[in-house]
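Welcome! Open your viewer, get the chain on screen, and let's take a short walk through it together.

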Amino acid sequence: MPAFFVSFGGEATGGGEATGGGESTGGDEPTGSGEKTGTNTERWHQMIRRYTFSKEERLTSATTITRLFESGHSLVAYPLKVVWMASPGEHPFPAQVAFAVSRRIFRRAVDRNLLKRRMREAWRLHKPSFYEACGENKVTLMVIYIAREPLPMIQIEKAMVSAINRISARKIP
């Protein structure tokens, strides 16, 4: 099966191995013959738009982070601790999120970056349900990794889903 890549223009381009013609890729992938159906292209763009973690969604303001730790709510879904609060700010997304891993526990930057990457991926995959629950409300979140050893992605993902569901169950003002 040929590998497909989406170029910046949104067109599917074949790559990798030559397969000899009209092999069906099945599913939602664009066809290798260069034909674009409206539904496949729309689905790809919808998936790309929905499951991203853009710059505007990242929490970077030092004053907001300070305010978050001073007056925010917290919950633990092991191995994650989530500190959150309703945000009066005017950002375009329902939530702004930051991720942290202790330098004291994980001395090597490689380990910290791996854990932050796993947390970001879990958030990226499960945030649409959180956004639906938020509605028009704005929320600021800080996700902190509290375990003393690196855990596999599946455990981090389960904890992220649990935290998202618990925050969504509360009435966000």
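Which side chain meets glutamate 121 in a salt bridge? Select arginine 124: the N to O distance between the two side chains is 2.7 Å. Keep in mind as you look that this is a predicted model.

Colour them by accessibility next. Glutamate 121 is partly exposed, at 29% relative accessible area, and arginine 124 is also partly exposed, at 22%.

Now stay with helix H3, which covers residues 109-134, and select lysine 127. Its salt-bridge partner is glutamate 57, with the closest N and O atoms 2.7 Å apart.

Next, select arginine 108 and aspartate 111, which form a salt bridge with the closest N and O atoms 3.4 Å apart. Here arginine 108 is exposed, at 54% relative accessible area, while aspartate 111 is partly exposed, at 21%. A search of the whole structure finds three salt bridges.

Finally, colour by confidence. The chain averages a pLDDT of 80, and 70% of the residues score at least 70. Select residues 1-36, where the pLDDT is below 50; beyond near neighbours in sequence, this stretch has 38 contacts in the model. Residues 43-48 also have a pLDDT below 50, with six such contacts.

How values were computed:
Residues numbered from 1 in each chain as written. Heavy atoms only, no water. pLDDT = per-residue confidence, 0-100. Contact = heavy atoms within 4.5 Å. Salt bridge = Lys/Arg side-chain N within 4 Å of Asp/Glu carboxyl O. Helix = DSSP H or I, 4+ residues; strand = E, 2+ residues; numbered from the N terminus. Buried < 20%, exposed > 50% of the residue type's maximum accessible area, 1.4 Å probe, protein only.
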